[in-house]
Amino acid sequence: MEKGDVKKASSLMMCAVFVGFLLFFAVGYIAIPYQGVNYTEQRYYSSKPKFTLDSFMNGEYREGLENYLIDHLAGRTFFVTLCSELKNFTGRRGTSFYWRGNDGQMFRRSVYYENELKATADAINKFAEKTDVPIDMILTPDAAGILDDKLPIGVVNDSEDMIAEAFRQQLDSKINMYYTKDVIEKAAAEGIKVFYRTDQHWTTECARRVFESYMQQSGQGLRAVEYEEHYSSEFYGNLYPCAPSFFDEPETVLYYTNPLGKYTVTRLDTGKTTDTIYDYSFLVTLSNKYIMPLSGDFWRVRITSDAPGKKLLLLGDSYMLPMIQLLADQYKEILVIDARDFDKRGKSMEEAIGDFRPDRILFVDTVFQISCGAISQISR
Amino acid sequence: MLFSSTTFLFGFLSLVLLCYYVVPRMFKNAVLLVFSLVFYAWGEPVYVFLMLGSIIVAYVTGLLCDRGKYKGRLPLVSMIFAVVWNMGLLLFFKYTNFFINNANNLFDLKITPLDLTLPIGISFYSFQTLSYVIDVYRGEVKPQRNFLNLAAYVTLFPQLIAGPIVRYQTIEDQLTGRKESLDKFARGVKRFAVGLGKKVILANNIGALFEEISNTPQSEMSVAASWLGIIAFTFQIYFDFSGYSDMAIGLGKMFGFDFLENFNYPYVSDSITEFWRRWHISLSTWFRDYVYIPLGGNRKGKVRQCVNIMIVWFLTGFWHGANWNFMIWGVYFGIILLCEKLFLLKALGRLPKLVRHIYALLLIVIGWGIFAFEDTDKLIQNFKNMFGFGGLPFAGGTHDLFWFTQNVILLVILVIASVPLFKRIGEKLAARLPAAYGCIIEPLCTAGLLIVSTAYLASNSFNPFLYFRF
């Protein structure tokens, strides 16, 4: 090829690359219809902003349009995953607050916030003062507290054992705290997958082990129930959007059903009633299937069953979700209350509980949640 | 509007390129003007009128200070008016609150600071319009009689927000006589992709490390972490600003313009004198031509030259922002440059190249240590930490190992990208395998850069442009 021809051909190639690049995305915006949910990132897409003079002048429109365009970029999921892979490749295994460890195990950082921990203990103590019924607390470490051999080098993670112990010391003696680390470690040693790889939560099998141990240790005994096991695949957990990978296989979620059990699940704020603990629509619509029990929304839910047990007030965070089916077969009535961020609920704890008179109160929480003070507003 | 945003890339740029290449030549500047105004109004809907005001002043004063046409005092008065207008705007918007706050502190006054937002790019376009009028007054360029052409020059979106400071004389002929070509467009694409990659892949990632370190509580820090933080900032500011300049130069080429270079691998310098010949070249040369030389430069004796150098560097620091740290930063470099001019360069010349290079890099990094912190308390604390007076361990801070293991590969990439290694490899390949390099390797690398940059953009991570605030 002549020198001039080479130059022309290379210029043409370069221009074609750029024009193709711009066209691909520009046409993508026109051709690809609006998508409501991004399943990989587990969030809703930004909607198209409305143009008004006000919204333009105050920057809302411009910001909204940028968000919309980023969300609706053709091949967005591919690009987000590519970015994550590149970060992983260059050794960037996360941020200060989440990490992608060995074997693709995701972790959430645990931080000892002394003041928040004290506020949480004070709040629970204050709550306990107002009641005579037994109060138990199942406290659970995160994956980083158990699967520490999979943590990336140099991560800074406060000891969950230390946080749990500091919490125990501040907790009123009438509250029986069950720290679950030993049970989970034992289950892990038996080869049970105790934490999801792409999620900070424990698995259903792990939760069942902890539940059974708790029932025995607390002297309540365990009513025998024959559960049917169901599996839902294509599960990507909460932490997955932080660092998705092209090579990550989806996980499988186990959920139990009791074919003989009869349940009435009532949402007290809306009065909406169902006869099942699970939201089966999640089997097809969402990749995060951990939150199938009660659709992941456990604010003031009353569950009655045909179990011959007593009444339980169940408080805590999302770690309680895989336990709800199991608890519903041990208690005839459960009032479930999401104890996190109570100040944003518009109701005090007394108002949330209403006329429900429990025989026992159970908190199910993670060390992470108590340390960051998420349930420290329950006494307000 | 950021160059590194989807709104710009897939909306604005696609549209402006389409319109520009569709319309006849006589409308091309009009297209650029309209789109440049939209580009500016996107970020500053109100201040676009301020910029238009500056263009009108530059146009009128430019015509009136033509000494070939007007005799007497009119040209001088016009030029002074343009200087007062531009400097007045800059002082008012950028420095009023600085003066108020300092007066309050110094004299215990209670003057309420004004509710002012700094118009984006004012530091750049003020200098451009000013240089235009001064050049006309000096007879170095002819006044632009076509308002549209002058407005197109001032508002030209590739260089409007963060430079390089394109002087009128650089593109006077190009405003009406430029020629777009396939080859120039291709070179523009390559340059733009390199700039985008520098910004999105390198600067943003290392910038996140600096942010993290500078927001870490003192109790979790170490001397090593403080140095790591400031080294991260050293890389961030280079790849951020030179990336922007590359994108600006690349965009300029796509529209047929040739802007002057603004960076030339500054971190390979052996002295601070050399560093400032390689860093933000358009600003250094602006101050040289419009401040240093008019003050007398080196023509009025050694003492006066030293005074002139210090004035220029104080103003260079002040130009960067209304904060003491910028002024200290300017004076810091002024003193070093003075020392180098008087005796240090000769002494350095006798040292091995490696030692000279370490000397320069150390002073550059310390300089960025001053530049990075606008909060004086943080600035002092950081310097205490860096030099072992902060009561910190040398290493072994809470996050040291994590930061190092997470960023070591990135740091290696940044070091390699700071030297002209890729450029030389490219040149060698182009010489040995012209067809394969030009038709396959280069377009593939460019496509790769664009795709990876888009991936980082899609993940919507940390994406500030440091020089927007100046």
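Which residues does B:V133 touch, not counting residues up to four places away in sequence? B:V133 touches B:A58, B:T61, B:G62, B:C65, B:M79 and B:A82, where two residues are in contact if their C-beta atoms, placed from the backbone, lie within 7 Å. The legends below describe a predicted model, in which local features need pLDDT of at least 70 and side-chain atom pairs count only at pLDDT 80 or more, while totals for chains, interfaces and linings use all residues. Residues are numbered from 1 along each chain as its sequence is written, and chains are lettered from A and ligands numbered from 1 in the order in which they are written.

**View 1. The largest nonpolar core around A:L314 and B:V133.** This core has 221 residues, and A:L314 and B:V133 touch the most other members. A nonpolar core is a set of buried Ala, Val, Leu, Ile, Met, Phe, Trp, Tyr and Cys residues joined through C-beta atoms within 7 Å. A residue is buried if 20 or more other C-beta atoms lie within 10 Å of its own, exposed if 12 or fewer, and partly exposed in between, with C-beta atoms placed from the backbone. Helix α10 (residues 223-254) of chain B gives the most to this core, with 18 residues. Helices (H or I, at least four residues) and strands (E, at least two) are DSSP runs, numbered from the N terminus.

**View 2. Chain A and its two domains.** Chain A holds 13 helices and 14 strands, and its C-alpha trace spans about 90 × 50 × 45 Å along the principal axes. Of its 380 residues, 42% are buried. Among contacts in chain A with a separation of 6 or more, 72% join residues 24 or more positions apart. The domain assignment gives domain 1 (3-103) and domain 2 (111-371); such bounds come from an automatic or database domain assignment. The C-alpha centres of domain 1 of chain A and domain 2 of chain A are 37 Å apart.

**View 3. The contact between domain 1 and domain 2 of chain A.** Here 17 residues of domain 1 of chain A are in contact with 14 residues of domain 2 of chain A. On the side of domain 1 that touches domain 2, α4 (76-89) and β3 (98-100) of chain A each supply at least two residues. α4(A) gives the most to that side, with five residues. By class, the side of domain 1 of chain A has four nonpolar, eight polar and five charged residues. Ala, Val, Leu, Ile, Met, Phe, Trp, Tyr, Cys and Pro count as nonpolar, Asp, Glu, Lys and Arg as charged, and the others, Gly among them, as polar.

**View 4. The packing of α4(A) with α19(B).** α4(A) and helix α19 (residues 434-458) of chain B pack at an angle of about 100°, with axes 8 Å apart. The axes are lines fitted to C-alpha atoms, for helices over the stretch in contact, and angles run from 0 to 180 degrees between N-to-C directions. The angle makes α4(A) roughly perpendicular to α19(B), a term for 65 to 115 degrees; angles under 35 count as roughly parallel, over 145 as roughly antiparallel, and the rest as oblique. From α4(A), A:R76, A:F79, A:V80, A:L82, A:C83 and A:L86 meet B:V452, B:T454, B:A455, B:Y456 and B:A458 in α19(B). By class, this contact has nine nonpolar, one polar and one charged residues.

**View 5. The side of chain B that touches chain A.** In this interface, 41 residues of chain B are in contact with 41 residues of chain A. α1 (6-22), α9 (182-214), α17 (400-418) and α19 of chain B each supply at least two residues of the chain B side. The largest share of that side, 14 residues, comes from α19(B). The chain B side has 23 nonpolar, 14 polar and four charged residues.

**View 6. B:N97 in helix α4 (residues 74-107) of chain B.** B:N97 counts as partly exposed because it has 17 C-beta neighbours inside 10 Å. Leaving aside neighbours within four places in sequence, B:N97 is in contact with B:P113, B:L114, B:L116 and B:A322. The C-alpha atoms of B:N97 and B:A322 are separated by 8.3 Å, although these residues are 225 residues apart along the chain.

**View 7. B:I370 in helix α15 (residues 353-372) of chain B.** With 22 other C-beta atoms within 10 Å, B:I370 is buried. Leaving aside neighbours within four places in sequence, its contacts are B:N325, B:I328, B:W329, B:Y332 and B:L379.
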